[in-house]
Amino acid sequence: MEHISISEQNSDQQVPALNTWPRLNDDAIERVISCLKSRQLSGSGLDIINEFEASVERWLGGGHVVSTNSGTSALMVALLALGIKPGDTVICPAYTWCATPHAALLIGAKPKFVAIDPATYNICPNALRQAMSSDVKAIMVVHMHGMCCDMDAISEVVREFSVPVVGDCAQAHGARYKGREVGLLSDVDCFSMQKSKHLSAGDGGYCVTKDPKLAQKIRDICNFGVETPKTNYRFDDVLRDGYEVFRECDQIGGMFRLNPLCAALAIDQLQELDSHIAGVQSVMNDLLTMADDLPFFKISRPISGSTHVWHKIRVGISEDAVAFTGLPMAEIRRQLRAALAESGIPTTLWTAPILPLQTGLAEWSGQTDWTVTPTHFAIESSFMVFDENFPLIAQDKDIARQQVAMLVSVWKQYFSETA
Ligand SMILES: *Cc1c(COP(=O)(O)O)cnc(C)c1O
């Protein structure tokens, strides 16, 4: 049999192997190869899937994990399992990746956009309270960029209205809120394992819930709505009303299961995730310290007792910069991004404008003129620093520190020259 060497193949590529994300060690590659050799490439109740789910449960220290083939599927099946029906209204922050409202729309529900807090880019609890009505059947909160929403304030609103909460935790693997793990904060917490995320399987996702019945429902929905035992996955035909029933679908579902090869990839990364996160946090703590002396520089800081895992690093330009420079905000942002690019620091808008102003979602923008809201201004006056495909967490710590230092120096210089 011909032997394919992964490292040889990599040598042709532009990006050095060390600097790619996710980092795939030899154990991960071996595990994928043995999964291939097992010929167990699809199906339910597979050992590798069970092993992956159990390792996430151990890592979280609780909850029932059901893996899915993407973060979008995780959100969709969470809503379905919670009983969201076509026509129901589901609250969603006005800024997130479009997958959040799409998950609601794909099952026929209607997203209702709620303002974000410009200091955190997370859903604003006061705006959430104002948006609540008897039509609202679920609330989706998103822990943006790796920093947790104010869950206590959200829980208060929820208690009053008694609706389920779905957490979009796609960017927040490993984050904590007041000492509690993201993953165990909502009725169902949903994660993505797309390639950019802190825990990556290439593509994939998972749901976490503390309710074992709900977990089983999610597992069934991920398998065409057919009852799907996690272990001993086998079926007997049952006689009912004189005819045989076999592998019956008893609710609406689809094919949303995680691919076993992807599960094989993710298992090893989980073992290194905490140390990777600690690395990016230590570099970012340096930036938070320096940020105090940077003119017009805004960056989110986690509330006390909580952590930020820095999946994305969004920096904002405070409004005072407009009076100081005499330039419109859009021009300041353009010039800053150009200056950073010149010094080798890539930036991106990630997704813009805010969702109610995006063409495919404008229909759901409601009565609000979003162009004059603090939510719109917060996004129009900020941007992401560093390479999305080559995030800070992927880098050698010294290189990451150099990048942060360069960001600080370019920023200072820009405002000292643009007075
Ligand atoms: C990545 C992401 C998703 C979608 O996850 P996929 O696995 O790509 O479907 C959803 N929400 C947020 C906030 C994300 O960043």
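**Close-up views of a predicted model**

**View 1. Trp350 in the loop between β14 and α12.** Trp350 lies in the loop that runs between β14 and α12. The model shown in this and every other view is predicted. Phi of Trp350 is near 60 degrees. That value is positive, and Trp350 is a residue other than glycine.

**View 2. A cis peptide bond at Pro353.** Pro353 is placed in the loop between β14 and α12. Helix α12 covers residues 374-380. The peptide bond in view runs from Ala352 to Pro353. This bond is cis, and its omega is near -5 degrees.

**View 3. Arg247 in the loop between β11 and α9.** Strand β11 spans residues 243-245, and helix α9 spans 260-291. Arg247 sits in the loop between these two elements. Phi of Arg247 is near 50 degrees. Here too a residue other than glycine has a positive phi.

**View 4. The open sheet of four strands.** The strand order is β12-β13-β15-β14. Pairing in this sheet is antiparallel. The edges are β12, residues 297-298, and β14, residues 347-348. Each edge strand pairs on one side only.

**View 5. Pairing of β12 with β13.** Strand β13 is made of residues 314-317. Two bridges join β12 to β13, and the two strands run antiparallel. Phe297 stands opposite Ile317, a residue of β13.

View 6. The ligand sits in the second largest pocket. Two elements, α4 (71-81) and α5 (99-106), each give two or more residues to the shell around the ligand. How many residues surround the ligand? There are 15, and the closest are Gly71, Thr72, Asp168, Ser192 and Lys197. By type, the shell holds nine polar, four nonpolar and two charged residues.

Definitions and conventions: Residues are numbered from 1 along each chain as its sequence is written. This is a predicted model: local features need pLDDT of at least 70, side-chain atom pairs count only at pLDDT 80 or more; totals for chains, interfaces and linings use all residues. Side-chain values use heavy atoms; hydrogens and water are left out. A residue is near a molecule or strand if one of its heavy atoms lies within 4 Å of it. On a 1 Å grid over the protein atoms alone, a cavity is a set of points where a 1.4 Å probe fits but cannot get out, and a pocket is an open set with protein on both sides within 12 Å along at least five of seven lines; lining residues have an atom within 4 Å of a point. A molecule sits in a cavity or pocket if more than half of its atoms lie within 2 Å of its grid points. Ala, Val, Leu, Ile, Met, Phe, Trp, Tyr, Cys and Pro count as nonpolar, Asp, Glu, Lys and Arg as charged, and the others, Gly among them, as polar. Two strands pair if DSSP finds at least two bridges between them.
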